[in-house]
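Trainee: Please pick one part of this model and go over it closely, giving the cut-offs behind each term. Start with the overall setting.

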Amino acid sequence: MDHMELRQLRYFVAVADELHFGRAAARLHMTQPPLTVAVRRLEEELGAQLFERTTRTVSLTAAGRMFRQRIGVVLEDLDAAVADLADVAAGTAGRLRVGFVSSASYSVLPRGLRAFQELRPRVRLEPRSLTSAEQITLLLEGELDVGILRDPLTVPGLRSTLLESEDLVAVLPARDPLAAESTVAPARFHEKEVVLFPFELMPGFVSAVMTWLGEAQAVPRIVQSVIHQETVLGLVAAGVGASILPASVARFHMPGVITRPLLGSPRTELHAVESQRSHPSAHLLVDSLRGPR
C-alpha cells in the first residue's frame, strides 16, 4: 500500500472507464502489456480484485466500483489543486495583502481596488490600515505584498511607484486668526500648538512637515501625536491644536475645521511600495492604483 503510485491510480481509472485494456492503453498513450502489469500490481498492493476478466470482457468487481468512485473524487481534487497552484503562481488567484495609510482610503485606494478586482476577480484582496513605518516593516518581513504610504524613505529591496503628489496645507480650528490669511508662513504657524503623526510611524511625512517648519528656525510645540488623519481632524475641530496634512483632507468637510495653503507650497507624495519578491499580481495592483495615464 505504501508503494502505490499516482500513475497506477490513473491507469486504473482509464481501464475502469473503458472496460477494455486496449482502449485504455490507447487513451494513456502506452502499450497494453505494461498497463496490464501495472493494474495487477495495484490489485496485489491493495489486496483486492478490482476487475473480472474473461477472454472477451472486462468488468469492475464490487470493490472496483467502490474504488473507482472514491478515487475519482481524490484525483479530481488533486487536479483542481494543481490548477489552483498554477493560478496562484501566475498571480490570477490566491490573496494579496495590501497596507494603506488612512489618507489613501478616500483617494487612490477605492478606485484602484475596484479596477484591480475587475482584472483579477479570483484574487482575494486583504486591505489593512497601517502607518508608513508599519508597512515598510511588514513588506521586508514578507507579511505584506503592497504598501500605500506617504513620503517613503528609500529602502533596499523595495520598489516604490509614485501614485500622486499634492500640496501640504495648514489645518486650523475655524476661529483661528490664521484662518483669515490667504497663505500660512512657517513663522506664524510655529506659534501654534501642533497635532502631528509620530515620527517613528510616519518618518517621511513628518520630515517633510519639519522641513517646512524649520524655515522658522524653531522647533514646533507638538501637543498630541496621533496615528489616523481622522483623529487629527477631530482634535483640530476640538481646538486642541493645529496641524499640517495633505490638501486632499478637504474632502472630509469636517465642521469647525478650515484649511489654508502653506507659503512655498511644500508637497507630499503617496507611493505604492512592493517587495521585489512579492505576489505575481502586485505590480498589476500598483498599475491599477496609478489609474489611467
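Mentor: Accessible areas come from the Shrake-Rupley method with a 1.4 Å probe, and for residues only the protein chains shown count as cover. On that basis the chain has an accessible surface of about 15100 Å², with 55% of it belonging to carbon and sulfur atoms. The model is predicted: local features need pLDDT of at least 70 and side-chain atom pairs count only at pLDDT 80 or more, while totals for chains, interfaces and linings use all residues. Residues are numbered from 1 along each chain as its sequence is written, and side-chain values use heavy atoms, with hydrogens and water left out.

The overall setting comes next. The C-alpha trace spans about 105 × 35 × 35 Å along its principal axes. The radius of gyration of the chain is 32 Å, whereas a compact globule of 293 residues would have one near 19 Å; this radius is taken over C-alpha atoms, and the globule rule is 2.2 Å times the number of residues to the power 0.38. The chain contains 10 helices and 11 strands, which are DSSP runs numbered from the N terminus (helices H or I, at least four residues; strands E, at least two). Buried residues make up 43% of the 293, where buried means under 20% relative accessible area, exposed over 50% and partly exposed in between (1.4 Å probe, protein chains only). Contact means heavy atoms within 4.5 Å. Among contacts between residues at least 6 apart in sequence, 73% join residues at least 24 apart.

The part to look at is helix H8 and what lies around it. Val206 belongs to H8 and counts as buried, at 2% relative accessibility. Apart from neighbours within four places in sequence, Val206 is in contact with Leu196, Phe197, Pro198 and Phe199.

Rings of Phe, Tyr and Trp (its six-membered ring) pair if their centres lie within 6.5 Å; planes under 30 degrees apart count as stacked, over 60 as edge-to-face and the rest as tilted. The structure holds 5 aromatic pairs. One of them is edge-to-face, because the rings of Phe189 and Trp212 have planes at 65°, with their centres 6.1 Å apart. This pair links distant parts of the chain, 23 residues apart: Phe189 is in helix H7 (residues 186-189) and Trp212 in helix H8 (residues 203-213). Both Phe189 and Trp212 are buried.

In H6 (residues 132-140) the buried residues are Ser132, Ala133, Gln135, Ile136, Leu138 and Leu139. Their cover includes H8, strand E3 (94-100), strand E4 (123-129), E5, E6 and E11. Just after H6, Gly142 has a positive phi of about 75°.

Asp151 sits in the loop between strand E5 (146-150) and strand E6 (158-173), with phi near 45°. Asp151 is buried, at 13% relative accessible area. Ser265, in the loop between strand E10 (257-261) and strand E11 (267-275), has phi of about 50°. Ser265 is partly exposed, at 45%.
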